[in-house]
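Dear colleague,

I am passing on to you the structure we discussed, together with its sequence. Please find both directly below, followed by an account of what was found.

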Amino acid sequence: MKMKARACGLAFAGLLFALPGLGYAQTWIPSWYASPAPSDKAAETVSDLTLRQIVHVSAGGASVRIRLSNAYGKAPVTFDAAAVALRAEGAAVQAGTSRPLTFSGKASVTIPAGAYALSDPVGLDIAQGADLAVDLHVPGPTAPDTIHVIQRDAVYAAEGNVVGQTDLTTVKPLAGGLWLWLDEVEVSGGPAKAAVVAFGDSITDGYNQKPDANTAWPDVLAQRLAAAGTPMGVINAGISGNRMLHDGQWPPFGAAGLARFDRDVLAQPNVSAMIVLLGINDIGQVTGGPANPDYVSADALEAGLTQMAERAHERGLKAYVATLTPFKDTTIKNYYDADKEVISVAVNRWIRTQKVFDGVVDFDKAIEDPAHPGQMQPDFDSGDHLHPGAVGEAAMAAVVPLEGLR
């Protein structure tokens with residue numbers, strides 16, 4: 001009897017693995033990401049509103065699913081309709097491409113405070129570098145507690161439930177162009193078999209870049225990989241204002257890099273490598289020197305980076321570290337001084353000589369003005385002497401060694 005029961009159990013297990021159409025049988029590649037952060041707009045609410053958020057995917061596929069986040073919610077959030085479609089232009093989608101999304105087979109999903117929700121997969125042919133429109137309808141008064149503050153692409157909103165509509169005719173602007181609740185887009189059935197995570201702050205996030213232009217260095221890196229015949233997902237896990245060792249000075253600046261590292265890097269499916277560019281805000285945002293409890297030394301930043309490398313290696317990821325970029329004479333008040341420059345130079349010296357990472361991406365040398373050490377080349381500058389413009393971001397992406405990511 002025991003042998004028969006065991007044989008029955010094995011047959012049943014085999015049947016489970018053989019069943020077609022189950023989501024877990026597919027390989028999912030992260031293709032777009034926005035790291036969630038807490039909002040500072042607790043008093044505001046969203047009600048009976050359709051959000052159409054445009055995302056520029058780094059990897060294509062034959063099916064797609066989305067991840068929603070209520071990570072910083074103080075109460076459950078409900079969406080009673082959702083869809084994904086290929087974008088046409090502006091707020092319009094290509095006719096016939098809208099696919100309604102379900103969550104565990106249901107059109108409506110309620111996400112508890114602090115939790116996430118993954119949609120069921122839908123079939124949709126998506127090319128690398130395509131723009132997708134993700135629609136969400138928020139029925140009741142809901143506080144936008146979980147956001148991403150930089151509008152990399154475009155966000156549209158319309159009154160009522162118009163999910164899946166080809167065009168949004170009554171678009172209302174969203175204050176600040178915030179991303180709301182949309183956390184990730186994953187694809188399956190395409191040529192990409194793995195993804196790389198760009199982990200950083202505003203220079204990675206795309207601050208001072210033209211919205212909806214896809215010029216941040218992770219976007220350009222995805223284009224380079226595709227052109228080189230190595231399609232990969234490249235996800236942008238940058239948060240503007242983010243620091244490595246302390247939480248953000250403003251809620252949307254997010255949790256400390258070391259605190260969000262597991263969520264934004266290690267928990268991503270099918271990631272093969274990460275590139276970390278983090279630490280300049282730990283140096284620049286702090287005034288008053290060592291007397292300030294938020295002050296960090298070069299040694300502390302080096303220890304934090306080492307932790308990231310070791311934790312990435314523990315999960316089998318390749319770990320790459322980027323040098324801190326020039327910030328001398330930035331227009332951001334109190335951000336730069338000679339003592340801070342000493343810390344930055346010391347960290348970069350360590351980065352170039354350490355042996356804990358698998359490689360170094362020298363973003364500093366890629367955009368520094370050779371005639372003026374510590375300053376950015378004028379053609380690469382967005383204007384504030386801290387954040388590169390589109391040409392500078394492209395120069396950064398150009399020095400990432402593709403072979404290591406493969």
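The notes that follow take helix contacts and individual residues in turn.

Please keep in mind throughout that this is a predicted model.

**Helices H3 and H9**

Helix H3 spans residues 217-227 and helix H9 spans residues 390-398; their axes come within 8 Å and cross at roughly 50 degrees. That angle makes H3 oblique to H9. On the H3 side the contact is made by Trp 217, Val 220, Leu 221 and Arg 224, and on the H9 side by Glu 393, Ala 394, Met 396, Ala 397 and Ala 398. Sorted by class, the residues of this contact are seven nonpolar, no polar and two charged. The crossing of H3 past H9 is right-handed.

Within H9, the buried residues are Gly 392, Glu 393, Ala 395, Met 396 and Ala 397. These buried residues pack against H3, and also against helix H2 (202-205), strand E19 (271-277) and helix H8 (363-367).

The loop between H2 and H3 holds Asn 214. Although Asn 214 is not a glycine, its phi is positive, at about 60 degrees. Is Asn 214 buried or exposed? With a relative accessible area of 13%, Asn 214 is buried, because the cut-off for buried is under 20%.

**Helices H6 and H7**

As for handedness, the crossing of H6 and H7 is right-handed. From H6, the residues Ala 298, Leu 301, Glu 302, Leu 305 and Thr 306 meet Ile 343, Ala 346, Val 347, Trp 350 and Ile 351 of H7. The contact of H6 with H7 divides into eight nonpolar residues, one polar and one charged.

His 313 is also part of H6, which covers residues 298-314. His 313 has a relative accessible area of 32% and is therefore partly exposed. Its side chain makes a polar contact of 2.7 Å with the side chain of Asp 358. Leaving aside residues up to four places away in sequence, His 313 touches Ala 319, Val 356 and Asp 358. Between His 313 and Gln 128 there are 28 Å in space, C-alpha to C-alpha, and the two are 185 residues apart in sequence.

Which residues of H4 are buried? They are Gly 257, Arg 260, Phe 261, Asp 264, Val 265 and Leu 266. What covers them includes strand E1 (29-33), strand E17 (195-200), E18, E19 and H6.

Asp 264, which lies in helix H4, deserves a separate entry. At 0% relative accessibility, Asp 264 counts as buried. The side chain of Asp 264 is in polar contact with the side chain of Arg 263, at 2.7 Å. Not counting residues up to four places away in sequence, Asp 264 touches Tyr 33, Ser 35, Pro 36, Val 197, Phe 199 and Ala 237.

**Arg 243**

Arg 243 sits in the loop between strand E18 (233-238) and helix H4 (257-266). Is Arg 243 buried or exposed? Its relative accessibility is 2%, so Arg 243 counts as buried. A polar contact of 3.2 Å links the side chain of Arg 243 to that of Asp 294. Beyond four places in sequence, the residues that Arg 243 touches include Gly 248, Gln 249, Ala 255, Ala 256 and Gly 257. Also among them are Leu 278, Asn 281, Asp 282, Gln 285, Val 286 and Asp 294.

**Asp 48**

Asp 48 is not a glycine, yet its phi is positive, at about 45 degrees. Asp 48 counts as partly exposed, because its relative accessibility is 36%.

Yours sincerely

Key. Residues are numbered from 1 along each chain as its sequence is written. This is a predicted model: local features need pLDDT of at least 70, side-chain atom pairs count only at pLDDT 80 or more; totals for chains, interfaces and linings use all residues. Side-chain values use heavy atoms; hydrogens and water are left out. Axes are lines fitted to C-alpha atoms, for helices over the stretch in contact, and angles run from 0 to 180 degrees between N-to-C directions. Helices (H or I, at least four residues) and strands (E, at least two) are DSSP runs, numbered from the N terminus. Angles under 35 degrees count as roughly parallel, over 145 as roughly antiparallel, 65 to 115 as roughly perpendicular and the rest as oblique. A crossing is left-handed if the near helix is turned anticlockwise from the far one by less than a right angle, and right-handed if clockwise. Contact means heavy atoms within 4.5 Å. Ala, Val, Leu, Ile, Met, Phe, Trp, Tyr, Cys and Pro count as nonpolar, Asp, Glu, Lys and Arg as charged, and the others, Gly among them, as polar. Buried means under 20% relative accessible area, exposed over 50%, partly exposed in between (1.4 Å probe, protein chains only). A polar contact is a pair of N or O atoms within 3.5 Å; within protein, one must be able to donate a hydrogen and the other to accept it, and residues adjacent in sequence count only if both atoms are side-chain atoms.
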